[in-house]
Amino acid sequence: MPPKKPDPKAAPPPEPEEPEHEAFGEWNGERNPESLPEGKGTATYPNGDTYVGTIRNNMREEAGVYTWKAPEEGKSGGVYDGEYESNKKHGKGSMKYPDGGTFEGHWKEGMREGHGTFKYPNGDWYKGTWSAGKKSGEGTYFSYCGSCWYVGTWSDGMFTEGVWKFKDGSCYRGKFAGGRPAPGEGVFLFPNGNRQMGKWVEAKVEGEEEKPKIFWVGGDLLVGHAG
């Protein structure tokens, strides 16, 4: 069977907004000769968010901790602990999202960028490279409910080519599209060294209006070929 797409509810959420306040609701910390916030301290913004760290020219800079106001009692609004540049997450930092997901890695202009690890609240995780906040480049995604791994190349948040590994040691190697194997050739590899070449074929199922199903058409089993 083709792999199930990761639970869309567990996809990385959009970044919570960090208003570019020029005036703080309250500032407890260092000030410049004009008595404006400058240096280390604690800002409490009009919307209830707080920031503990460095302010330069009314902007968050260097290392700091930004805490979003909880939407309701007993819940988290999110916390970022890391580096800033011009009011945006930039450099190395960790983020805890309101849904319980976490990211630890690198940022650029407020987006996940470079190498980092995202842990989803449902037990899934992705470790690899990011671009503009999405999985991009080389990385590994573990599906908790499927007990399988997707190891290889990602683009625009989607797995495009590599190895789909199963907990029994077998795997499938080929190209992917839309969260499942792409139509075309591929190979299943088994722990005993056997392999099966074949191809995935799309076909409409009569009476169903959904997109075409995909079926594996396998060739002969080749014995004793280590993958």
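**Cysteines and hairpins**

Analyst: C148 counts as buried, at 5% relative accessibility. Buried means under 20% relative accessible area, exposed over 50%, partly exposed in between (1.4 Å probe, protein chains only). This is a predicted model: local features need pLDDT of at least 70, side-chain atom pairs count only at pLDDT 80 or more, and totals for chains, interfaces and linings use all residues. Residues are numbered from 1 along each chain as its sequence is written, and side-chain values use heavy atoms, with hydrogens and water left out.

User: Is C145 buried or exposed?

Analyst: C145 is exposed, with a relative accessible area of 71%.

User: How many disulfides does the structure hold?

Analyst: A disulfide is a pair of cysteine sulfur atoms within 2.5 Å. The structure holds zero. For C145, the nearest cysteine sulfur is that of C148, 7.5 Å away. C148 is likewise in no disulfide.

User: How do I read strand pairing, and which strand pairs with β5?

Analyst: Strands (E, at least two residues) are DSSP runs, numbered from the N terminus. Two strands pair if DSSP finds at least two bridges between them. Here, β5 (residues 79-85) runs antiparallel to β6 (residues 88-96), joined by six bridges. Y84 stands opposite K89 in β6. Two residues separate the strands of this hairpin, and S86 in the turn has a positive phi of about 55°.

User: What does β6 pair with next?

Analyst: In a regular strand, side chains alternate between the two faces of the sheet. β6 also pairs with β7 (residues 102-108), antiparallel, over six bridges. K92 has H106 in β7 as its bridge partner. This hairpin has five residues between its strands, and G100 takes a positive phi near 100°.

How values were computed:
Helices (H or I, at least four residues) and strands (E, at least two) are DSSP runs, numbered from the N terminus.
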